[in-house]
Amino acid sequence: MAIKVLVVDDSSFFRRRVSEIINADPSLEVVDTAKNGREAIDMVARLKPDVVTMDIEMPVMDGITAVREIMAKNPTPVLMFSSLTHEGAKATLDALEAGALDFIPKKFEDIARDREEAVSLLQQRVKAIARRRVSARRSVSAPAPSTPVRPSTATRPAVKTPPTTSAPQPKERATARFKPSGKRYKLVAIGTSTGGPVALQTILTQIPAGFSKPILLVQHMPATFTAAFAQRLNSLSRINVKQAEDGDELRPGWAYLAPGGKQMLVEGRGSYGRLRVIDGNDKVNYKPCVDITFASLAKSHQSNVLAMILTGMGADGRDGSRLLKEQGSTIWAQDEASCVVYGMPQAVASAGLASEQLPLDRFCEAIVAEIGNG
């Protein structure tokens, strides 16, 4: 049976274009189109589509408001179309927090080298999120406040005062639920893609202030999005979060997000290492690429890395995880039930590289227990 798709956009041209692309795949079928969020809510209730593609800016009701109502009344996987601008980035992050599962640039030339590749990517994204049981994800996707303007990280203290609205620290119950290995580490590294923004927010907002190691974050994301995403994570977390810059010296209690369109590598200089942010090879599919960052860690930090692969399409991270494991580092993977797309974690687990497969809501407590105070 074909996957039923509802296409929502205020542009009749774009509705027709997206519908043609989706209907070109025999496993997909556009059941109807809507020109605003209000129509979309009514059609979701009536037609029960498997996936909704949603524009953000529309008259009558915008896409973010529509996503919130759909998730409250008839939870359905939603793929957002986004503009690759700073404002588009913030709106897209708002949509993901509202419950959308994934996003894709509205200008197809921004996501692929040619039309055939763009068509294939859109079809793959629709099919990938159609497999996701949305109701299982609602427990980890709560709307968060919009990002406030914050002072430069250069002038802020290394440890932030915990906000009054922050989640309780899970450290005390972690020791009872997760048995640490006793191994010692220099840093934590996390790689993710589809579903990653919500997954990273879920984990980082629970990490306690004064966390004793640096954290590296590699999220497949456009170049115009990562600065806004890092700022948002920073505003919600007890630890410091910033977009990585070339030459950054890694510090405990800081998380470094790889910038979109670049590759993030780690050199073994200093107490915890130093970052190199480079353009990298244009032939590499992902910028940033988990494999490239993890491979550099295998060289610079050998056995001293606690690495994990979270939700995402494809297999990025498998080769880098293999290199890390060969050096004696520890690899964890997110379990299938809590993933938006069980691609990257499955690749790592199937290769026998993951010593733990954890649900998303247990990662923070496990990280804190495994790292300990050392």
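Author: A cavity is a set of grid points where a 1.4 Å probe fits but cannot get out. The model discussed here is predicted.

Reader: How many cavities of 30 Å³ or more does the structure hold?

Author: The count takes in cavities that reach the limit of 30 Å³. In this predicted model, their number is two.

Reader: Which helices give two or more residues to the lining of the second largest cavity?

Author: The second largest cavity holds about 40 Å³ of space. Its lining consists of Leu 93, Leu 96, Glu 97, Pro 197, Val 198, Gln 201, Phe 229 and Arg 232. The elements that supply two or more of these residues are helix 4 (86-98), helix 8 (196-204) and helix 9 (223-236).

Reader: How many nonpolar residues are in that lining?

Author: By class, the lining of the second largest cavity includes two charged residues and one polar residue. The nonpolar residues in this lining number five.

Reader: How many residues of helix 9 are buried?

Author: Among the buried residues of helix 9 are Phe 229 and Arg 232, and both of these also line the second largest cavity. Others include Phe 225, Thr 226 and Leu 236. Helix 9 is mostly covered, and of its 14 residues the number buried is 10.

Reader: Why does Thr 311 count as buried?

Author: Thr 311 lies in the loop between strand 12 (305-309) and helix 11 (318-326). A residue is buried when its relative accessible area is under 20%. Thr 311 is therefore buried, because its relative accessible area is 1%.

Reader: Which backbone nitrogen does the side chain of Thr 311 reach?

Author: Leaving aside residues up to four places away in sequence, Thr 311 touches residues including Thr 192, Gly 196, Cys 339 and Val 341. At 3.1 Å, its side chain reaches the backbone nitrogen of Val 341.

Reader: Is Thr 330 buried or exposed?

Author: Thr 330 is placed in strand 13 (residues 330-334). Beyond residues up to four places away in sequence, Thr 330 touches Lys 183, Tyr 185, Val 305, Leu 306, Ala 307 and Ser 355. Because its relative accessibility is 12%, Thr 330 counts as buried.

Reader: What share of the residues in the protein chain is buried?

Author: The protein chain contains 13 helices and 14 strands. Among its contacts with a separation of 6 or more, 75% join residues 24 or more positions apart. Of the 374 residues in the protein chain, the buried share is 55%.

Terms used: Residues are numbered from 1 along each chain as its sequence is written. This is a predicted model: local features need pLDDT of at least 70, side-chain atom pairs count only at pLDDT 80 or more; totals for chains, interfaces and linings use all residues. Side-chain values use heavy atoms; hydrogens and water are left out. Helices (H or I, at least four residues) and strands (E, at least two) are DSSP runs, numbered from the N terminus. Buried means under 20% relative accessible area, exposed over 50%, partly exposed in between (1.4 Å probe, protein chains only). A polar contact is a pair of N or O atoms within 3.5 Å; within protein, one must be able to donate a hydrogen and the other to accept it, and residues adjacent in sequence count only if both atoms are side-chain atoms. Contact means heavy atoms within 4.5 Å. On a 1 Å grid over the protein atoms alone, a cavity is a set of points where a 1.4 Å probe fits but cannot get out, and a pocket is an open set with protein on both sides within 12 Å along at least five of seven lines; lining residues have an atom within 4 Å of a point. Grid points are joined across faces, edges and corners, and a volume is the space filled by probe spheres set on the points. Ala, Val, Leu, Ile, Met, Phe, Trp, Tyr, Cys and Pro count as nonpolar, Asp, Glu, Lys and Arg as charged, and the others, Gly among them, as polar.
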